[in-house]
Amino acid sequence: MKIPLNRPSLAGREMANIRDALRRGQISGDGHYTRCCSRRLEALTGAPRVLLTSSCTHALELAILLTGFKPGQEVVCPSFTFPSTANAFVLRGLKPRFAEVTPETLNMDPDDASRRITSRTAAMIPVHYAGVPCEMDRLTEMAQRHGVMLIEDAAQALGALYQRRHAGTFGSMGAFSFHETKNCHCGEGGALVINDPKWIARAEILRQKGTDRARFLRGEVDKYTWVDVGSSFVPSELQSAYLDAQLQNLRRITARRRQLHQGYVEALRSLEARGVFRLPVIPRDVQSAYHLFYILLESRRERDRVMADLQTRGIFATFHYVPLHLSAMGRRFGYRKGDFPVSENLSERLLRLPFFTSMTSREQARVTTALRRLF
Ligand SMILES: *Cc1c(COP(=O)(O)O)cnc(C)c1O
């Protein structure tokens with residue numbers, strides 16, 4: 001039996017909800033289930049408004065479109081992240097100013113980020129890697145001091161807390177992902193968390209193809225028309241119906257993932273003590289969303305050896321990310337190897353282990369036994 005890196009897990013009511021959505025007769029977005037999901041996310045985070053989108057990538061794009069940033073301005077974000085973090089603003093003509101991550105959490109290093117801020121900086125986009133929130137007190141203070149906007153890529157951090165406050169609610173806006181690989185998912189999906197109410201009205205318009213359809217649906221106007229720029233960022237009711245079943249079970253999903261995380265830590269602690277690899281660190285003042293589990297090996301060679309060996313046993317461990325400054329796009333902005341040594345080193349040594357909500361304890365035992373035999 002193969003053990004994949006991720007297996008999309010069902011929470012229970014997905015099919016029943018989809019049947020109900022079909023029975024209700026509206027398949028396009030912003031019907032019953034889209035509203036249900038928004039309300040669940042608003043109740044969870046305490047944010048004044050959470051708008052469902054077709055992906056986290058789209059939520060970030062919508063955020064940047066809303067801000068009205070100008071081509072030539074810059075955005076500070078980590079190099080160690082998924083391309084969407086940067087694509088959202090590069091698409092609008094802005095430039096990435098990458099920053100290092102801290103070795104402890106692989107989250108953006110506030111000191112390094114602060115050195116990257118210039119008179120052209122429009123925003124900072126921290127990424128809560130693995131579902132562990134960044135140092136938000138320092139990043140918030142820095143953003144205020146420099147007068148730059150803070151937008152959180154909280155793709156991996158649904159339900160995570162920093163000093164008892166939800167990831168995604170510190171910046172003016174935040175973005176969640178409901179991609180199949182994330183803790184709660186609907187195949188493809190996302191949400192824009194709007195914390196500063198001044199953005200709400202226009203966000204609703206830009207998200208709905210530049211029309212005031214949201215006001216029409218609330219009965220505030222008797223027809224809807226083209227009132228601004230915009231695009232189509234709305235998920236269908238089928239996706240929302242599926243997602244609603246997952247969000248309803250967020251506590252249970254997170255609890256199981258916490259158990260699996262502890263399971264790995266307990267089984268692998270002795271190997272860490274022997275210096276074979278390092279386990280993830282979760283700082284004291286945060287609560288993780290437990291999105292993924294990784295180990296940091298001695299070297300790239302050692303990482304590749306372990307990855308290949310696990311694969312011959314049907315265990316699919318993988319690495320990520322190629323730091324964005326080393327990617328084809330990153331190089332086009334003038335970045336080179338050596339620019340971010342910490343990110344480069346960590347990405348060479350990182351190995352993600354299979355980790356998903358429906359993973360069984362037996363599957364986990366197979367992974368940890370294989371690792372113990374290897375060393
Ligand atoms: C998954 C992910 C995204 C993209 O999410 P989509 O919903 O697939 O667009 C963006 N940023 C990070 C950090 C992610 O992990």
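Colleague: Is Phe293 buried or exposed?
Modeller: The model is a predicted one. In it, Phe293 has a relative accessible area of 0%. Buried means under 20%, so the word for Phe293 is buried.

Colleague: Which strand holds Phe293?
Modeller: The strand in question covers residues 293-297. Phe293 is found within that range, in strand S12.

Colleague: How far is Phe293 from Phe355 in space, C-alpha to C-alpha?
Modeller: Phe293 and Phe355 are 62 residues apart in sequence. From C-alpha to C-alpha, the distance between Phe293 and Phe355 is 6.4 Å.

Colleague: Are helix H10 and helix H14 roughly parallel or roughly antiparallel?
Modeller: Two packed helices are described by the angle between their axes and the distance between the axes. For H10 (residues 250-273) and H14 (residues 361-374), the axes are 10 Å apart and the angle is about 20°. Angles under 35 degrees count as roughly parallel. H10 and H14 are therefore roughly parallel.

Colleague: How many residues of the contact of H10 with H14 are nonpolar?
Modeller: H10 passes H14 in a right-handed crossing. Among the residues that make the contact are Tyr264 and Leu268 of H10, together with Val367 and Leu371 of H14. The contact of H10 with H14 has 4 polar and 2 charged residues, and the number of nonpolar ones is 7.

Colleague: Which word describes how H3 and H7 lie to each other?
Modeller: The axes of H3 (residues 56-67) and H7 (residues 200-207) come within 10 Å and cross at roughly 120°. Roughly perpendicular covers 65 to 115 degrees, and roughly antiparallel begins over 145. The word for H3 and H7 is therefore oblique.

Colleague: How many charged residues does the contact of H3 with H7 have?
Modeller: Leu62, Leu65 and Leu66 in H3 meet Arg202, Ala203, Leu206 and Arg207 in H7. By class, this contact has 5 nonpolar and no polar residues, while the number of charged ones is 2.

Terms used:
Residues numbered from 1 in each chain as written. Predicted model: local features only at pLDDT ≥ 70, side-chain atom pairs only at ≥ 80, totals over all residues. Heavy atoms only, no water. Helix = DSSP H or I, 4+ residues; strand = E, 2+ residues; numbered from the N terminus. Buried < 20%, exposed > 50% of the residue type's maximum accessible area, 1.4 Å probe, protein only. Axes fitted to C-alpha atoms, helices over the stretch in contact; angles between N-to-C directions. Left-handed = near helix turned anticlockwise from the far one by under 90°. Contact = heavy atoms within 4.5 Å. Nonpolar A, V, L, I, M, F, W, Y, C, P; charged D, E, K, R; others polar.
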